[in-house]
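Please open the model in a viewer and keep the sequence beside it. The tour goes from one selection to the next and says what is found at each stop.

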Amino acid sequence: MPNNDTPVNGQENPSFLDVLNQLPPVPPAPELDGKPGARRLARLRAAWKESWEEGGFLYQRWEEVFQARHASWHEVANWIKAAALFGGLSLIVLMLDAAGDIASATLKGLSTVPATGAGDGSGLWGTVDHPVRVFLADQAAHLSVAPAALYAFWQLTGLLGLVGGFFGSAGARIAWLLFGIGSLAMIWSAAPAGGRAAATGLAALMWALASMFALRGLTLRPIVHNHPPQYQFNPALHLHATIPAPTPAGDDLGPDNIHPLQR
């Protein structure tokens with residue numbers, strides 16, 4: 001099986017399947033004739049030892065692994081690139097599978113909480129949470145979804161927006177803003193008429209305090225990038241004057257050079 005990797009030490013890389021064929025024949029050993037498979041085992045041991053010597057298959061692979069620490073991606077051996085890509089894809093698949101299981105368990109755990117189990121809405125959190133539960137329960141009566149599922153989705157959206165916004169995710173921050181605006185609208189709609197303004201204002205203050213973490217590092221100041229100009233303009237004044245060429249000596253026959261003949 002041919003190998004297209006870069007040779008090490010100027011030697012051609014042998015194929016792993018041809019290692020046994022490249023070894024000299026094992027000398028006859030009478031003590032191994034009566035044991036089945038003994039000669040094959042001795043040949044495998046010799047092949048293993050030979051492959052670790054300089055120029056062997058495993059020796060060159062180890063040299064490539066050692067050189068990969070100081071080489072760029074284009075200089076790394078092809079088999080190392082393939083192994084790294086396969087390991088990275090496998091890790092991504094495992095992380096996505098674990099994330100799916102965690103999200104499913106979280107939704108099931110949140111769904112077990114009754115949508116209207118906040119009592120009479122006493123306390124600061126109850127003043128904000130109870131109108132949301134009541135609003136979702138009223139809306140779920142006209143939808144084909146359980147009130148607990150709506151409440152669980154509302155909680156999960158706020159949690160993901162808060163955590164993702166803390167780590168600087170733009171999409172999570174947009175979700176956090178929509179979560180807060182929707183929560184304020186639900187509280188204003190379902191809160192008692194006498195304390196509607198106080199409940200909505202309290203919810204806005206709680207949302208603002210939580211936004212200190214969700215919108216961490218966000219600034220409204222415009223970002224000005226001062227880059228030096230690529231072309232520098234240097235104004236200069238250039239005067240072009242034409243200087244007359246000097247007249248040859250033999251051509252000075254003007255009126256001033258005419259003299260009367262002397263006798």
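## First stop: Thr-200

Select Thr-200: leaving aside residues up to four places away in sequence, Thr-200 touches Leu-184, Ile-187 and Trp-188, where contact means heavy atoms within 4.5 Å. This is a predicted model, in which local features need pLDDT of at least 70, side-chain atom pairs count only at pLDDT 80 or more, and totals for chains, interfaces and linings use all residues. Residues are numbered from 1 along each chain as its sequence is written, and side-chain values use heavy atoms, with hydrogens and water left out.

Thr-200 is part of helix H7 (residues 196–214). Helices are DSSP runs of H or I with at least four residues, strands are runs of E with at least two, and both are numbered from the N terminus. Thr-200 counts as buried because its relative accessibility is 14%; buried means under 20% relative accessible area, exposed over 50%, and partly exposed in between, with a 1.4 Å probe and protein chains only.

## Next: Gly-161

Move to helix H5 (residues 147–166), where Gly-161 is placed. With 1% relative accessibility, Gly-161 also counts as buried. Select Ala-172, Trp-176 and Ala-214 as well: Gly-161 touches these, not counting residues up to four places away in sequence. Then pick the C-alpha atoms of Gly-161 and Arg-173; they are separated by 5.9 Å, and the two residues are 12 apart along the chain.

## Next: helices H4 and H6

Select residues 123–140 for H4 and residues 170–190 for H6. At what angle do their axes cross? The crossing is at roughly 85°, and the axes come within 8 Å. Axes are lines fitted to C-alpha atoms, for helices over the stretch in contact, and angles run from 0 to 180 degrees between N-to-C directions. H4 and H6 are therefore roughly perpendicular to each other, a label for angles of 65 to 115 degrees.

To see the contact, show Val-128, Pro-131, Val-132, Phe-135 and Leu-136 in H4, which meet Met-186, Ile-187, Ser-189 and Ala-190 in H6.

## Last: the whole protein

Zoom out to see seven helices and zero strands. Of the 263 residues, 21% are buried.

Now colour by pLDDT, the predictor's confidence in each residue, from 0 to 100. The protein averages 75, and 65% of the residues score at least 70. Among the elements, H6 has the highest mean pLDDT (93) and helix H1 (residues 38–51) the lowest (78). Finish at residues 1–11, where the pLDDT is below 50. Where pLDDT is low, the predicted coordinates should not be read in detail.

Note on methods. Angles under 35 degrees count as roughly parallel, over 145 as roughly antiparallel, 65 to 115 as roughly perpendicular and the rest as oblique.
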